[in-house]
Amino acid sequence: GGERGGLQLPVMVGALAGFSVARPGSSSGGSEPPSKPHLIFILADDQGFHDVGYHGSEIRTPTLDRLAAQGVKLENYYIQPICSPSRSQLITGRYQIHTGLQHSIIRAGQPNCIPLDNVTLPQKLQEAGYSTHMVGKWHLGFYKKECLPTRKGFDTFFGSLTGSGDYYTHDVCDGPNACGYDLHKGENVAWEYRAHSYSTFLYTQKVEEILASHKPKEPIFLYIAFQAVHTPLQVPKNYLGQYKSIQNVGRRRYAAMVTCLDEAVNNVTLALKKYGYYENSIIIYSSDNGGQPLAGGSNWPLRGRKGTYWEGGIRGIGFVHSPLLKNKGAVSRGLMHITDWYPTLVTLAEGELEENLGLDGYDIWEAISEGKPSPRTDILHNIDPLYTRALNIIQRGISVFDLCQESKTGQKGSALIFLGYHVQCWHSL
């Protein structure tokens, strides 16, 4: 048929016991602001390492610049080169080799999702008494209901389940006969938002609604995974004027999208202040992979791009902004990885961590807040014994996921190890 249908979607809650840990602002007794901080995690999509003002970009990001300058900039922070692996490592705290995502992204028609027996970050935060909400892009599988965000620890979900789509109509195609409408509220298709709702605005509005309806004395975890600045390069016209000097049309549109995203982050911050959350909040900002120069992004001065294991594919933009930080206006050069947020946030939430969770991340809060050495000394970027045909991957326009190139950061001991067809990529200090 010629009509596009909505993506019809066909939990696991972990209950683990372990040890309790202290957090910033904890106190014994009194009815002052809650000891458990509000946790706000903002994930940008495909934002290049160079594409933020404080990295010397021509793109205007006054909010990100200000929040980072008043917080702690993470300048030795690593992510994964593509979408689903980075997101899975944030949500599970485990390397992609442990979740079956070492090869590529999860495509819309693929019967796959993060392992159902993995206890997720939002599930651990629920156990710790948090209200958990996700707004934005999931991209961790939806072929059965058990894979959905609301079955993986989020009390509410509003956003898209696939990797990319139209910013206004929310239509997405994963092939000539595989098209649908991808905007969901909970486990239902959100048809009512079909009429030209630009996703960056829409997601910000939903975050504001959540904050307005929640009680600031009760701890909240907000995971805001913006669609921006992934392709397609779509942005309201009023953001383009300030970038008339950029000759490349793709770069011009991309720059406007980044500035629109920056404005959205400002509105989220203003909402935190308006509704009484800000003083007890920890705001974390992260990119999900390197930028794609063919779609306007820039990772200068780093080599490589999205989809590669060069620094340009895996060095992330990252910072933490919070009144709870002990050292503000600092730069951290300790080695950090996206898997580290799981144990760090659960520890801040005074949650429980057990050894059988199989986490690959470290609690890096003291390294961030107090400037102590990072507990991490190495990162396993990937092991992939199957994807050895790099040329085929390049021809599909995805790039080399399985070949790991030697780091150019000047960090001591960066290594490239080949074991026949078995490729390991390990970054160590």
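**Entry 1: Arg151 and Glu187**

I looked up Arg151 and found that it forms a salt bridge with Glu187, with 2.7 Å between the closest N and O atoms. The model I am reading is a predicted one. The two residues belong to distant parts of the chain, 36 residues apart. I place Arg151 in the loop between strand 5 (131-137) and strand 6 (156-160). Glu187 sits in the loop between strand 9 (184-185) and strand 10 (188-189). I noted Glu187 as partly exposed, because its relative accessibility is 26%.

**Entry 2: Asp171 and Arg194**

I then turned to Asp171, whose side chain meets that of Arg194 in a salt bridge at 3.3 Å, N to O.

I checked Glu366 and Lys372, whose side chains meet in a salt bridge at 3.5 Å, N to O. Glu366 is partly exposed, with a relative accessible area of 42%. Lys372 is also partly exposed, at 39% relative accessibility. Elsewhere I found one network, in which salt bridges that share partners join Asp45, Arg87, Lys137 and Asp288. For the whole model I have a count of 16 salt bridges.

**Entry 3: the largest cavity**

By type, I sorted the lining into seven polar residues, three charged and one nonpolar.

**Entry 4: helix 1**

Last, I went to helix 1, which spans residues 62-70. Which of its residues are buried? I found Thr63, Leu64, Leu67 and Ala68 buried. Viewed down the helix axis, these buried residues fall within an arc of 120°, so they line one face of helix 1. I also looked up what covers them, and the cover includes strand 3 (72-74), helix 5 (249-274), strand 12 (281-287) and strand 13 (318-321).

Conventions
Residues are numbered from 1 along each chain as its sequence is written. This is a predicted model: local features need pLDDT of at least 70, side-chain atom pairs count only at pLDDT 80 or more; totals for chains, interfaces and linings use all residues. Side-chain values use heavy atoms; hydrogens and water are left out. Ala, Val, Leu, Ile, Met, Phe, Trp, Tyr, Cys and Pro count as nonpolar, Asp, Glu, Lys and Arg as charged, and the others, Gly among them, as polar. Buried means under 20% relative accessible area, exposed over 50%, partly exposed in between (1.4 Å probe, protein chains only). Helices (H or I, at least four residues) and strands (E, at least two) are DSSP runs, numbered from the N terminus. The arc is that of the directions from the helix axis to the C-beta atoms. Contact means heavy atoms within 4.5 Å. A salt bridge is a side-chain nitrogen of Lys or Arg within 4 Å of a carboxyl oxygen of Asp or Glu.
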